[in-house]
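Subject: Structure handover

Hello,

Here is the structure I promised. Please open it alongside this email, and read the notes below with it.

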Amino acid sequence: MALGNAFRACGNRLTGKAATLQWSVAGEAAITGVCRCNNVHLCAWCGARILAVRAANAQAMADGLAAAGYGLHLGTSTLRHFARQPFGSNRKGESFGLVSVLHDGWRGAYGSSGRPWRRLRADFGIVGYERAYEDTWGPDTGWHLHWHTLWVTTSPLDADGQTAFRRELAKAWANGVRAADGYEVSQQCDRPDCPCGGEGHGTDLRPLNGNDPGDAARYLYKDGDKGTAKIGLELSRQDLKSGRRGRLGPWELGDAAAEELAATAGVPGVFTDRYRERERGIFGVRKQYRTQGLNRLVKELGITQDERTDDEITDESGGLQPIAVIPSGTWYRHIAAVPGRRLDLVKVAEAHGVGGVRLLIESWGLRWGIDVFDPPTEDEPTAQAGEDEAAVKVAALLDLPPARTFAEHIHRTRRRMADA
């Protein structure tokens with residue numbers, strides 16, 4: 001949903017015995033030692049970071065290929081859809097709805113083992129493609145699912161070649177969707193002065209570079225009011241886009257659902273229902289995919305790519321120093337369980353540093369040195385910041401014998417079960 005809600009939803013579970021609040025003098029802060037969902041479809045926190053890297057990779061690839069003289073073409077493959085049609089699912093054993101038709105249609109049209117793909121590759125010199133998934137929803141038109149595809153050919157195509165390429169792509173897409181039991185894809189249009197040129201709206205294809213080698217790759221947005229945009233943003237950054245013609249993008253739909261729940265005291269309405277429908281149906285959908293042949297070409301040309309994993313991208317510990325260690329007991333009982341506290345920790349750390357964090361911790365009724373600790377020094381083992389140290393300090397304050405550690409508790413429990 002909204003960024004704040006996504007922050008609270010992502011990273012509640014610890015990877016170890018404690019979380020660490022990190023900070024820099026530049027005013028940056030992050031919580032490390034927590035699991036990230038890395039869900040680019042639903043999480044605004046992880047999605048924005050992962051998609052930014054993917055967009056940069058796609059842009060670097062497009063610029064490098066254009067400079068090397070390859071042809072670049074941006075295609076869009078859409079389905080005919082109505083408000084009554086469900087989003088659907090690709091889960092094993094329950095494939096149905098638009099998302100199933102979209103995937104099966106692509107497999108039938110451009111699957112690597114199919115005859116249409118082999119013919120297209122031979123006729124137009126296709127090297128490979130990078131494909132990205134997008135969807136929007138509107139109350140009048142329902143779900144609008146589509147692919148954006150960067151097609152790469154051995155050289156740019158002239159006007160006649162571009163027209164022929166579009167028509168063959170459209171024919172293969174229409175046949176694939178028909179075989180997947182979808183509605184007939186639009187292949188003709190009689191609207192006067194329509195940008196499709198009478199070719200229909202099921203498939204769109206636009207050249208990104210001309211016949212001159214070295215032309216920069218660029219793409220003019222369809223609505224014409226955003227100027228010339230980079231291809232990487234168009235392929236990857238749906239989180240930066242707004243729906244058109246009254247439709248809502250995923251983040252907008254999430255915000256609308258959150259506002260609806262707040263206004264109705266938690267009673268779900270149409271926006272919440274549609275968000276939950278998408279939340280279930282998006283499982284297993286690959287946001288972005290690049291063919292192996294295109295990957296090999298990028299490596300052969302020496303085009304620089306950011307090869308970090310999603311976990312490495314969402315790890316924000318680089319360049320930051322630890323200012324507080326939060327044991328798991330404190331984390332799960334007093335921070336992760338209370339909506340907003342994780343975000344408050346980061347905001348206060350960014351604005352006021354360790355002093356502000358201490359005041360915030362104490363305002364929650366927690367004690368520094370017992371519930372939350374200073375980070376260990378270089379010669380101090382990190383285990384001292386764990387729950388066992390907290391138990392020892394509390395026992396010392398109350399003049400009680402030290403509490404059993406978690407490991408001791410498990411050992412005693414297992415021994416009692418064995419004795420029984």
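In which helix is V270 found? V270 is in helix α8. Helices here are DSSP runs of H or I of at least four residues, strands are runs of E of at least two, and both are numbered from the N terminus.

Before the rest, some ground rules. This is a predicted model, in which local features need pLDDT of at least 70 and side-chain atom pairs count only at pLDDT 80 or more, while totals for chains, interfaces and linings use all residues. Residues are numbered from 1 along each chain as its sequence is written, and side-chain values use heavy atoms, with hydrogens and water left out.

**Overview**

The protein chain has 14 helices and 10 strands. Of its 420 residues, 47% are buried. Buried means under 20% relative accessible area, exposed means over 50%, and partly exposed is in between (1.4 Å probe, protein chains only). Contact means heavy atoms within 4.5 Å. Among contacts in the chain with a separation of 6 or more, 68% are between residues 24 or more positions apart.

V270 is partly exposed, at 41% relative accessible area. Leaving out residues up to four places away in sequence, V270 touches W137 and E260. V270 and E260 are 10 residues apart in sequence, and their C-alpha atoms are 8.7 Å apart.

A256 sits in helix α7. A256 is buried, with a relative accessible area of 15%. Beyond its neighbours within four places in sequence, A256 contacts L248 and F271. A256 and F271 are 15 residues apart in sequence and 6.2 Å apart in space, C-alpha to C-alpha.

**Salt bridges**

Side chains of opposite charge can pair when their charged atoms come close. The rule used here: a side-chain nitrogen of Lys or Arg within 4 Å of a carboxyl oxygen of Asp or Glu. That rule gives 13 salt bridges. Three of them follow.

- R107 pairs with D104, with the closest N and O atoms 2.7 Å apart. The two are 3 residues apart in helix α3 (residues 97–110), so about one helical turn separates them. R107 is exposed at 54% relative accessible area. D104 is partly exposed at 30%.
- R278 meets D135 in a salt bridge, at 2.9 Å from N to O. R278 lies in helix α8 (residues 270–281) and D135 in strand β4 (residues 126–138), so this pair ties together parts that are 143 residues apart in sequence. Both R278 and D135 are buried.
- D204 bridges to R206, and their closest N and O atoms are 3.0 Å apart. R206 is partly exposed, at 27% relative accessible area.

**Nonpolar cores**

A nonpolar core is a set of buried Ala, Val, Leu, Ile, Met, Phe, Trp, Tyr and Cys residues joined through side-chain atoms within 4.5 Å. The largest has 36 residues. Which of its members touch the most others? They are Y110, Y133, L145, W151, F165 and W173. Two or more residues each come from α3, α4 (115–124), β4, β5 (142–153), α5 (159–179) and α7 (250–263). Helix α3 gives the most, with 7 residues.

F165 touches H73, F124, I126, W151, T153, L157 and L205, not counting residues up to four places away in sequence.

**Helix packing**

Two packed helices are described by the angle between their axes and the distance between the axes. Axes are lines fitted to C-alpha atoms, for helices over the stretch in contact, and angles between N-to-C directions run from 0 to 180 degrees. Under 35 degrees counts as roughly parallel, over 145 as roughly antiparallel, 65 to 115 as roughly perpendicular, and the rest as oblique.

The axes of α3 and α4 come within 5 Å and cross at roughly 55°. That makes α3 oblique to α4. G108, A109 and Y110 in α3 meet P116, W117 and L120 in α4. This contact of α3 with α4 has 5 nonpolar residues, 1 polar and no charged. Ala, Val, Leu, Ile, Met, Phe, Trp, Tyr, Cys and Pro count as nonpolar, Asp, Glu, Lys and Arg as charged, and the others, Gly among them, as polar.

Helices α4 and α5 pack at about 175°, with axes 11 Å apart. They are therefore roughly antiparallel to each other.

Best wishes
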